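Take a look at the structure first, and then we can go through it together.

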Amino acid sequence: VRRVVVVGAGMAGVQTAVSLREHEFSGSITLLGAEPHHPYDRPPLSKSVLLGSADGSAFDVDFAGLGIELLLGQHADAVRPAERQVATARGTVPYDRLVIATGAEPVTLPGAVGVPGVHMLRTLDDANALRPVLAAKRQVVVVGAGWIGAEFATAARESGCEVTVVEAAERPLAGVLPAEIAAPMRGWYEEAGVRLLTGATVAGVEPGAVVLADGTRLPAGAVVVGIGARPTTGWLAGSGIELDAQRAVRADDRLRTSVPGILAVGDCASFPSARYGERLLIHHWDNAVQGPRTAAGNLLGGDEPYDPVPYFWSEQFGRFVQYAGHHTDADQILRRGDPDGPAWSVCWLRDGALVALLAVGRPRDLAQGRKLIERGALLDPSAAADPSVPLKSA
Ligand code: FAD
């Protein structure tokens with residue numbers, strides 16, 4: 001292998017390039033990114049960057065020193081596997097091995113595209129466009145009570161904005177957590193002074209207002225749409241690279257795509273998990289760090305499966321929320337601590353083994369639980385039920 005091209009200069013692309021050097025790959029590495037900015041990290045965009053307490057979140061990576069060529073502000077338009085080339089508006093980029101790391105793009109709200117005052121929150125440009133909204137303490141309507149909606153609402157309230165969150169489901173995080181687990185989160189919105197309208201469908205967005213299906217007109221100095229993200233894979237049309245039903249690159253357990261010599265990592269790719277017995281598409285930061293480490297090794301002749309215990313965190317309404325594992329086939333739920341209090345955890349078990357853990361303000365539970373999940377350990381239920389005792393195996 002002499003020339004590796006990585007398309008997408010987010011966390012997964014950058015980590016792939018850096019990992020290749022860590023594996024002592026001495027050939028050429030080209031990192032191609034559509035955004036014009038020096039590669040940056042996304043989680044701070046809905047936190048410190050939005051609040052103005054950080055000016056940016058550029059990765060502290062010495063690309064020149066590592067011999068990583070950056071082609072920024074260049075969109076890859078197509079892959080031509082027969083010629084081993086990536087096509088851009090400026091010409092073609094040849095590769096011996098290709099890594100697809102084009103991440104995800106926000107789902108748009110029908111009727112809101114192009115309406116003045118409607119924002120998304122995915123890129124540095126998005127965050128920069130929202131900073132003046134917060135600084136001017138505008139009245140904002142947030143569509144979607146998921147992770148992004150909650151984090152944006154938190155920052156907007158902290159800045160003194162009046163905030164209404166409109167959610168089509170009956171509760172926050174409906175697609176992610178079971179009803180009884182997410183129930184206390186409704187109170188977090190109230191406590192922060194955020195008006196949360198659940199079971200509310202947006203019928204239309206016009207300059208200055210969001211109109212709901214029941215006719216309610218919500219005045220809005222700005223609208224932020226946070227209704228999910230989907231893999232950025234449209235540019236792969238015609239490449240022969242197989243996609244799954246969610247339009248993610250369908251990778252195998254080594255993160256190889258259906259086309260030889262091409263791998264895929266991060267938010268754009270799904271992979272089969274032997275640990276959980278299903279295909280996973282993970283839109284979280286840790287996966288964009290861990291996957292590339294495995295992919296880089298496999299690209300250079302290694303043969304390691306990628307089967308992580310998924311992990312993510314969120315900072316919302318003054319709380320540090322963390323989750324590890326995957327709970328879909330759990331058969332038992334154990335609570336640790338009072339869900340109406342400031343700090344509590346939830347353990348999901350299957351046949352007595354810990355398979356997932358949600359920790360609110362209890363980072364130690366997360367750290368201990370994550371290790372137990374990795375080991376597939378049986379959980380000691382009496383220790384688990386007593387929040388003053390560390391989580392341990394039976
Ligand atoms: P991306 O970060 O999306 O990077 C992909 C890059 O590829 C983009 O820069 C894109 O412009 C570029 N690209 C796309 N198509 C092309 C093309 N055809 N040619 C060239 N370039 C292309 N996760 C957590 O676990 N905790 C958090 O607290 C958290 N907070 C977040 C806050 C925000 C505001 C956002 C948006 C995400 C957050 N995440 C968080 C998720 C996490 O940031 C993502 O999982 C991670 O960024 C995925 O990295 P990636 O490199 O796969 O994709």
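Which polar backbone atom is 2.8 Å from a nitrogen atom of the ligand? The backbone atom belongs to Ala-76. Taken alone, the ligand exposes 1,000 Å², and the protein buries 94% of that (accessible areas by the Shrake-Rupley method with a 1.4 Å probe; for residues, only the protein chains shown count as cover).

Before going further, please keep in mind that this is a predicted model, where local features need pLDDT of at least 70, side-chain atom pairs count only at pLDDT 80 or more, and totals for chains, interfaces and linings use all residues. Residues are numbered from 1 along each chain as its sequence is written, and side-chain values use heavy atoms, with hydrogens and water left out.

**Around the ligand**

The shell consists of 35 residues (each with a heavy atom within 4 Å of the ligand). The closest are Glu-35, Arg-42, Lys-47, Ala-76 and Arg-122.

| Residue | Protein atom | Ligand atom | Distance |
|---|---|---|---|
| Met-11 | polar backbone atom | oxygen | 3.2 Å |
| Lys-47 | polar side-chain atom | oxygen | 2.7 Å |

By class, the shell has 17 nonpolar, twelve polar and six charged residues. Here Ala, Val, Leu, Ile, Met, Phe, Trp, Tyr, Cys and Pro count as nonpolar, Asp, Glu, Lys and Arg as charged, and the others, Gly among them, as polar. At least two shell residues come from each of α1 (11-22), α4 (147-158), α6 (285-299) and β22. These elements are DSSP runs numbered from the N terminus: helices are H or I with at least four residues, strands E with at least two. Domain 1 (3-105 + 229-299) and domain 2 (108-225) each give at least three residues to the shell, with bounds from an automatic or database domain assignment.

**Aromatic rings**

Phe-312 is in strand β22 (residues 311-316) and Tyr-323 in strand β23 (residues 319-325), eleven residues apart. Phe-312 is buried at 8% relative accessibility, and Tyr-323 is buried at 7%. Buried means under 20% relative accessible area, exposed over 50%, and partly exposed in between (1.4 Å probe, protein chains only). Ring pairs also link Phe-312 and Tyr-323 with Trp-147 and Trp-348 into a cluster.

Ser-345 sits in strand β25 (residues 344-350) and is buried at 1% relative accessibility. Its side chain makes a polar contact with that of Asp-365 at 2.6 Å. Such a contact is a pair of N or O atoms within 3.5 Å; within protein, one must be able to donate a hydrogen and the other to accept it, and residues adjacent in sequence count only if both atoms are side-chain atoms.

Most residues other than glycine have a negative phi. Arg-84, however, has a positive phi of about 55 degrees. Arg-84 lies in the loop between β4 (76-80) and β5 (85-88), and is partly exposed at 31% relative accessible area. Lys-137 also has a positive phi, near 50 degrees, and is found in the loop between α3 (124-135) and β10 (140-143).

How values were computed. Phe/Tyr/Trp six-rings, centres within 6.5 Å; stacked < 30°, edge-to-face > 60°.
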